[in-house]
Amino acid sequence: MTPILSLQNVTKSFGALTVADGVSFDVPKGQALGIIGPNGAGKSTLFNLITGNLSPNAGRIEYDGRDVTKAPPMQRCLSGIGRSFQIPQPFDRMTVFENLLVSATHGRGLPERAVTDDCAEVLERTELIEVANRPAGGLTLLQRKRLEMARAMATRPKLLLLDEIAGGLTEAECVALVETIKAIHAEGVTIIWIEHVLHALNSVVERLLVLDFGKVIGIGAPDAIMASKEVREIYLGIEV
Ligand SMILES: Nc1ncnc2c1ncn2[C@@H]1O[C@H](COP(=O)(O)OP(=O)(O)OP(=O)(O)O)[C@@H](O)[C@H]1O
């Protein structure tokens, strides 16, 4: 089966600093892949390359069987690549619902009336329906994280990229958020999730990819990856 995403020898440098160094991997449709690695390893850069916010210096990116290496971010979003950002930046003065409408209309290229029902449904699925009419600026951290995910879901992604969505949450909040991510995954959405909260990540993903200095140093089943000496050394000081 054609993978939904395929990176082939993708390389990206900022001056002398190479942050993606010949990165190659495939993601089968419907799979959840976790990406781990130390701060500065190039994880968010990888997302920017997949979404088209950055262009690689070399290599090829295929999405849904097509070469998208040079496709602009908007085109990739319209074709089903959705993402959340590490630091949620909703429109604070708009309501939660209005925030979703902005994502849905821009991310799908549709008028408001065509996305209203869908947005309400996304709010249900992300457990934000009760705060739908509140300004986003007044949300708790968990709700802001949920809104970040909901904004990505409002674009109706086939491939959802989550960037450190669990960071800063209490254990109970983290468990609640993981349940929502599991439900999205169970519906068949392919997920790539960058996360430092490993127990949350490993409770969802089928495969883990380890990035270090822009290089893929391991990819495989979470148990096997976490048992690797090299990975444990890289993660020294981080709870495994
Ligand atoms: N636009 C840019 N210009 C120059 N350097 C950049 C740029 N974006 C990222 N970098 C550098 O590239 C490296 C990788 O950054 P990136 O944000 O991808 O790492 P990360 O693995 O996501 O880290 P973290 O876990 O802290 O979020 C860092 O050294 C960063 O300073």
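Two strands are said to pair if DSSP finds at least two bridges between them. Helices (H or I, at least four residues) and strands (E, at least two) are themselves DSSP runs, numbered from the N terminus. The structure described here is a predicted model, in which local features need pLDDT of at least 70, side-chain atom pairs count only at pLDDT 80 or more, and totals for chains, interfaces and linings use all residues. Residues are numbered from 1 along each chain as its sequence is written.

Strands of a sheet pair through backbone hydrogen bonds, either parallel or antiparallel. In this model, an open sheet is formed by four strands in the order β2-β1-β4-β5, with antiparallel pairing. Its edge strands are β2 and β5 (66-67), each of which pairs on one side only. Strand β1 (residues 5-14) is joined to β2 by seven bridges in the antiparallel sense. Along this pair, S6 has D26 of β2 as its bridge partner, L7 has F25, and K12 stands opposite A20. The hairpin of β1 and β2 has two residues between the strands, and G15 in this hairpin takes a positive phi near 60°. Strand β1 also runs antiparallel to strand β4 (residues 58-63), to which it is joined by five bridges.

Residue L5 is found in strand β1, and its bridge partner in β4 is Y63. A residue is classed as buried if 20 or more other C-beta atoms lie within 10 Å of its own, as exposed if 12 or fewer do, and as partly exposed in between, with C-beta atoms placed from the backbone. L5 is buried because 23 other C-beta atoms lie within 10 Å. Two residues are in contact if their C-beta atoms, placed from the backbone, lie within 7 Å. When neighbours within four places in sequence are left aside, L5 is in contact with D26, V27, I50, Y63 and L159. L5 and G65 are 60 residues apart in sequence, and their C-alpha atoms are 7.8 Å apart in space.

The ligand is surrounded by F14, L17, V19, G37, N39, G40, A41, G42, K43, S44, T45 and Q86 (a residue is near a molecule if its C-beta atom, placed from the backbone, lies within 6 Å of it). Of this shell, four residues are nonpolar, seven polar and one charged. In this grouping, Ala, Val, Leu, Ile, Met, Phe, Trp, Tyr, Cys and Pro count as nonpolar, Asp, Glu, Lys and Arg as charged, and the others, Gly among them, as polar. At least two shell residues are supplied by each of β2 (17-27) and α1 (43-51), and α1 gives the most, with three residues. Helix α1 is mostly covered, since seven of its nine residues are buried. The buried residues in α1 are K43, T45, L46, F47, L49, I50 and T51. After α1 comes G52, whose phi is positive, near 90°.

The protein chain is assigned domain 1 (5-80 + 157-234) and domain 2 (89-144), with bounds that come from an automatic or database domain assignment. The centres of the two domains, taken over C-alpha atoms, are separated by 25 Å. Their contact takes nine residues from domain 1 and eight residues from domain 2. On the side of domain 1 that touches domain 2, α2 (73-78) and α6 (171-186) are the elements that give two or more residues. The largest share of that side, five residues, comes from α6. The residues of this side of domain 1 divide into six nonpolar, two polar and one charged.

A nonpolar core is a set of buried Ala, Val, Leu, Ile, Met, Phe, Trp, Tyr and Cys residues joined through C-beta atoms within 7 Å. The largest such core has 62 residues, and L100 and A150 are those with the most contacts inside it. Helix α5 (residues 141-153) gives the most to this core, with five residues. Domain 1 and domain 2 each provide at least three residues of this core. Apart from neighbours within four places in sequence, A150 is in contact with L100, V122, L123, T126 and L128.
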